Amino acid sequence: MCLVINWIMKNLALLDGSHSKAPLRNFRREVPANIERIDLQEAEVDNLDGYDGAIIAGSSSSVLDDEEWIRQAGQLVEEAVNQLSLPVLGVCWGSQLLAHVNGGTVERGSVRELGYRTVNQTNIKHSIFKGIEDNFTAFQSHGDYITDIPSEAELLAENNQANQAFSYKSSVGVQFHPEVDYTAAENLVSKYKNENTTENPSYSIDEWARSEQTSDILRNFVYEMVR
């Protein structure tokens, strides 16, 4: 007797304001789903109806920038979470956008958090962190900070520099980069190392190996949140 498992690949929108196609490559490598990239700077998308979920990628822009495409992206995400109840995962800039459009506070920092840093989960446990140690290593590259999460949100992780993860309704935001491999981390540190950073950016192979578990966040998003 042959057992047939009927498993359907989920369809996710990758909301990308990164000015680069690199996030598509990174997320396709790590996320067990069909991914359709939507360029937030060019797309004419009114809503995300028809997708099983969405991931908001990082960006070199700021959610505080006075640009029309950022306002439209915020409206798209706000509707996805608050009207469609769509599972949404925001990564770095994406987490800041989630916070910003839902009543949280994002501020420009005086220093950039850069390199592999320790992140600590709070006592509020969420399925997005299933199988991940309470204190883990994650890659960081951001100059803006979420200083206040939305009032209805729950803080899931933090470190001595910033709020690092929160859940809000059908969404989760993570300030760090679970999609970045060692080559991408090396390139980002090289790009930003001359900026004023929180400390000397650290990006050794050993730290990358310890951070590998954060890629489980992307799989947990699909298997635990996208139904």
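Predicted model: local features only at pLDDT ≥ 70, side-chain atom pairs only at ≥ 80, totals over all residues.

One cavity of 30 Å³ or more is found in the structure. Its lining is made up of 14 residues, and those closest to the centre are Pro178, Val180, Ser211, Glu212 and Thr214.

By residue class, the lining of the largest cavity holds five nonpolar, four polar and five charged residues. At least two lining residues come from each of H1, S6 and helix H5 (205-211).

## Largest nonpolar core

The largest nonpolar core has 30 residues. The members that touch the most others in this core are Phe27, Val31, Ile55, Leu89, Ile128, Phe129 and Phe221. Two or more core residues are given by each of the following elements: strands S1 (11-16), S4 (88-91), S6 (135-148), S7 (154-158) and S9 (171-174), together with helices H1 (22-30) and H6 (216-225). The most comes from H6, which gives five residues to this core.

Val31, one of the members that touch the most others in the largest core, is in contact with Leu12, Ile55, Leu218 and Val222, leaving aside neighbours within four places in sequence. Of these partners, Ile55 is also listed among the members that touch the most others.

Another core lies apart from the largest one and has 28 residues, including Ala13, Val63, Ile70 and Val77.

Key. Residues numbered from 1 in each chain as written. Heavy atoms only, no water. Core = buried A, V, L, I, M, F, W, Y, C linked by side-chain atoms within 4.5 Å. Buried < 20%, exposed > 50% of the residue type's maximum accessible area, 1.4 Å probe, protein only. Helix = DSSP H or I, 4+ residues; strand = E, 2+ residues; numbered from the N terminus. Contact = heavy atoms within 4.5 Å. 1 Å grid on protein atoms, 1.4 Å probe; cavity = no way out; pocket = protein on both sides within 12 Å on 5 of 7 lines; lining within 4 Å. Points joined across faces, edges and corners; volume = space filled by probe spheres on them. Nonpolar A, V, L, I, M, F, W, Y, C, P; charged D, E, K, R; others polar.
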